Amino acid sequence: MGEFVRLEVADGIGTIRLERPPVNALNTRVQEELRVAAQAAAGDDQVRAVVVHGAGKHFAAGADITEFTTVTYQEMVVRAGALSSAFDAVAQIPKPVVAAITGYALGGGCELALACDWRVIAEDAKLGQPEIKLGIIPGAGGTQRLARLVGPARAKDLIFSGRMVDSDEALRIGLADRVVPADQVYATAVDLVRQYTTGPALALRAAKQAVDGGLSVDLAAGLALESHLFAGLFATGDRVEGTTAFVEKRAPKFTGK
């Protein structure tokens with residue numbers, strides 16, 4: 001698909017794979033190829049779940065800092081929105097998405113992982129938002145998604161200090177969902193989302209939209225969103241199949257329609 005990012009589809013699972021040796025640094029080209037891959041995964045009905053994976057030793061060690069040394073404020077005003085929206089394209093994939101993390105997931109790499117629904121990480125992985133050490137802050141969702149995931153106090157600790165966390169701490173604070181040996185990370189991530197490849201795709205889409213959308217509004221608005229999405233699923237074939245199968249005491253056969 002792109003020079004550094006490609007979408008591979010097999011058995012209902014789309015793998016968005018970053019491959020920019022040696023550390024999958026996220027320059028502007030990678031950013032835009034990531035957007036294209038995310039949009040392709042979102043729009044492909046053959047893709048029922050997604051794994052985001054960094055080829056090689058590291059998931060993504062952060063932004064390509066060489067691009068930051070000479071950029072001006074005026075230039076970054078234009079580029080910052082595109083950077084954030086590229087990562088948001090991953091967050092907006094209306095399907096279950098898991099990050100498979102080995103090595104470093106730092107800065108933009110951590111922000112990419114945060115844009116996923118879950119994170120499977122290697123026992124020796126390191127995650128963090130070290131931007132403060134460059135005199136800047138996370139600019140692709142780090143201050144927002146990290147705080148929502150681990151709470152504002154822990155997010156401030158990580159962002160203010162710029163320190164890295166190991167797998168034990170990541171699991172303890174909720175930054176990681178599963179910790180496995182490095183050579184099992186990708187397979188574990190695939191296994192985590194495999195169950196959704198035969199699930200009710202429209203209901204899964206609605207569930208993700210309800211949870212994610214509800215986080216950005218008050219409770220009343222979130223409940224209204226949930227109610228709207230709930231009612232809409234009664235127009236789907238999978239709702240008919242699911243409820244009928246339950247009454248008939250058999251396993252449902254969902255079609256994603």
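Reader: Is Arg250 buried, partly exposed or exposed in this model, and at what relative accessibility?
Author: The model is predicted. Partly exposed residues fall between the buried limit of under 20% and the exposed limit of over 50%. Arg250 falls in that middle class, because its relative accessibility is 34%.

Reader: How many salt bridges does the structure hold?
Author: The structure holds 14.

Reader: How far apart along helix H1 are Glu33 and Arg29?
Author: An α-helix has 3.6 residues a turn, so residues three or four places apart point the same way. Both Glu33 and Arg29 lie in H1, and their spacing is about one turn of the helix, or four residues.

Reader: Which of these classes, buried or partly exposed, holds Glu33, and which holds Arg29?
Author: The limit for buried is under 20% relative accessible area. Glu33 has 11% and is therefore buried. Arg29 stands at 46%, so the class of Arg29 is partly exposed.

Reader: How many residues apart in sequence are the parts tied together by Asp177 and Arg119?
Author: The side chains of Asp177 and Arg119 meet in a salt bridge at 3.9 Å, N to O. Asp177 lies in the loop between helix H6 (167–173) and strand E9, and Arg119 lies in strand E6, so the parts that the pair ties together are separated in sequence by 58 residues.

Reader: Which residues are linked in a network of salt bridges?
Author: The network links Arg6, Glu8, Arg17 and Glu19.

Reader: How do H1 and H2 cross, left-handed or right-handed, and at roughly what angle?
Author: The axes of H1 (residues 28–43) and H2 come within 8 Å. From H1, the contact is made by Thr28, Gln31, Glu32, Leu34, Arg35 and Ala38. From H2, the residues in the contact include Arg79, Ala82, Leu83 and Ala86. The crossing is left-handed, at roughly 40°.

Reader: Which strands do the buried residues of H7 pack against?
Author: H7 covers residues 185–194, and its buried residues are Val185, Thr188, Ala189, Val190, Leu192 and Val193. These residues pack against E2 (13–18), E3, E4 (97–101), E6 (118–122) and E9 (178–180).

Reader: Which residues form a nonpolar patch on the surface, and with about what accessible area together?
Author: One member, Ile65, lies in the loop between E3 (49–54) and H2 (73–91). Ile65 counts as partly exposed because its relative accessibility is 35%, and the cut-off for patch members is over 30%. The patch consists of Ile65, Leu134 and Ile136, with about 230 Å² together.

Reader: Where does a cis peptide bond occur, and what is omega there?
Author: Most residues other than glycine have a negative phi, and most peptide bonds are trans. Pro22 has its place in the loop between E2 and H1. The cis bond joins Pro21 and Pro22, with omega about 5°.

Reader: What is the phi of Asp11, and what is that of Lys249?
Author: Asp11 is found in the loop between E1 (5–10) and E2, and Asp11 is exposed because its relative accessible area is 68%. Lys249 is found in the segment after H10 (237–247), and is exposed with a relative accessible area of 76%. For Asp11, phi is positive, near 55°. For Lys249, phi is also positive, near 55°.

Reader: What distance separates the C-alpha atoms of Phe230 and Glu75?
Author: Phe230 has its place in H9 (residues 219–232), and is exposed because its relative accessible area is 54%. Phe230 and Glu75 are 155 residues apart along the chain, and their C-alpha atoms are separated by 44 Å.

How values were computed: Residues numbered from 1 in each chain as written. Predicted model: local features only at pLDDT ≥ 70, side-chain atom pairs only at ≥ 80, totals over all residues. Heavy atoms only, no water. Patch = residues over 30% accessible without salt bridge, like charges linked within 9 Å, V, L, I, M, F, W, Y side chains within 5 Å. Areas by Shrake-Rupley, 256 points an atom, 1.4 Å probe, with all protein chains shown as cover. Salt bridge = Lys/Arg side-chain N within 4 Å of Asp/Glu carboxyl O. Helix = DSSP H or I, 4+ residues; strand = E, 2+ residues; numbered from the N terminus. Buried < 20%, exposed > 50% of the residue type's maximum accessible area, 1.4 Å probe, protein only. Axes fitted to C-alpha atoms, helices over the stretch in contact; angles between N-to-C directions. Left-handed = near helix turned anticlockwise from the far one by under 90°. Contact = heavy atoms within 4.5 Å.
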